[in-house]
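The sequence and structure are shown first.

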Amino acid sequence: MTTTNVSTVDFEYIRTLVRSRSAIVLEPGKEYLVHARLLPVARKQGLDDISALVEKLKRGDASLTTEVVEAMTTNETSFFRDVHPFETLRNDIIPELLEKRALTRTLRIWSAAASTGQEAYTIAMTLREHFPQLMTWNVSILGTDLSTEVLEKAREGRYAQLEVNRGLPAPMLVKYFDRAGPAWKVKPELQRMVEFRSFNLVKPWAPMPRMDIVFLRNVLIYFDNDTKRDVLSRARAVMAPDGYLFLGAAETTLQFDGMFERVPRARANCYRQVQE
């Protein structure tokens, strides 16, 4: 693995820029990643290399700065990723909330690192497939991400064959997607269940309604400890007191927020607030 394509000075500049805008920490040794992600950005600008890109960034090009930060974010995702969170949602969380929210008939779910939308649409499919009674409720699914590029794809709801092959059962593909040339497009009735919005987890949060379920999966791993504490604290503040938080398999609230406790029955990495 070579790192010689990005100088130490250029790497430090990119590293500082990305951390200040997104809180993502690029550890030393990630020069190869900077080269791989940003060389296409440089070429698009008519520049020869990363050094030229850094020089243009230093001149204060706001749109280029946004493009660079978005290029350095990780947007790995798939339908029904890791399976267990959606089994827990179906078998435990939603049945419980159906009882608790029977009077208000309102359910709010937030996919806080939505990327290209597969997680949010998976949640929507899970609700439609297993809880048809919710179709008469006020159900909102919010998908947010830092990257405007991935959000545009999420809103369009168009996925290549390779993307739908990753985790999406064939019967659900046929039921909830339409053929669109070589790709597949989310059907309108599913698309209408999800709203996608630009959102930076490490910047000031706009007001939002109390969330019953928050999916904050596979994003904390890119933050330093102080940022993890801050994001978890703010997530807890927007959650209903009896709401649930899903984290990625390699993530935890331990040592970062003592007001969360792991849900013992869940096979997924699921948390709720400590009840006083």
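The expected span of a helix is taken as 1.5 Å times one less than its number of residues. The model discussed here is predicted.

## Helix H2

Helix H2 covers residues 31–44, which amounts to 14 residues. From its first C-alpha to its last, H2 reaches 20 Å, close to the expected 20 Å. After H2 comes Gly46, with a positive phi near 80°.

Several residues of H2 are buried, namely Glu31, Leu33, Val34, Leu38, Leu39, Val41 and Ala42. An α-helix has 3.6 residues a turn, so residues three or four places apart point the same way.

## Ala71 and its surroundings

Which residues does Ala71 touch, leaving aside those up to four places away in sequence? They are Arg37, Leu38 and Val41.

The C-alpha atom of Ala71 lies 9.9 Å from that of Val18, although the two residues are 53 apart along the chain.

## The three-stranded sheet

Three strands, in the order E3-E5-E4, make up an open sheet with antiparallel pairing. Its edges are strand E3 (158–160) and strand E4 (177–180), each of which pairs on one side only. On average, neighbouring strands of this sheet are turned by 35° against each other, direction ignored.

E3 pairs with strand E5 (residues 183–186) in the antiparallel sense over three bridges. Opposite Ala160 stands Ala183 of E5.

## The seven-stranded sheet

A second open sheet has seven strands in the order E6-E2-E1-E7-E8-E10-E9, and its pairing is mixed. Strand E6 (194–198) and strand E9 (260–262) form the edges, each pairing on one side only. Neighbouring strands here are turned by 25° against each other on average, direction ignored. Within this sheet, strand E1 (residues 106–111) and strand E2 (residues 138–145) pair in the parallel sense over six bridges. The bridge partner of Ser111 is Gly143 in E2.

Two helices lie across strands of this sheet. Helix H7 (residues 148–156) lies across E2 and E6, and runs at about 165° to E6. Helix H11 (residues 225–238) lies across E1, strand E7 (211–216), strand E8 (239–247), E9 and strand E10 (270–273); its direction is at about 135° to E8.

## The chain as a whole

The secondary structure comprises eleven helices and ten strands. Along its principal axes, the C-alpha trace spans about 60 × 50 × 35 Å. Why does the radius of gyration agree with that of a compact globule? With 276 residues, such a globule would have a radius of gyration near 19 Å, and the chain has 20 Å.

Of the 276 residues, 50% count as buried. Contacts between residues at least 6 apart in sequence join residues at least 24 apart in 72% of cases.

Technical notes: Residues are numbered from 1 along each chain as its sequence is written. This is a predicted model: local features need pLDDT of at least 70, side-chain atom pairs count only at pLDDT 80 or more; totals for chains, interfaces and linings use all residues. Side-chain values use heavy atoms; hydrogens and water are left out. Helices (H or I, at least four residues) and strands (E, at least two) are DSSP runs, numbered from the N terminus. Buried means under 20% relative accessible area, exposed over 50%, partly exposed in between (1.4 Å probe, protein chains only). Two strands pair if DSSP finds at least two bridges between them. Axes are lines fitted to C-alpha atoms, for helices over the stretch in contact, and angles run from 0 to 180 degrees between N-to-C directions. Contact means heavy atoms within 4.5 Å. The radius of gyration is taken over C-alpha atoms; the globule rule is 2.2 Å times the number of residues to the power 0.38.
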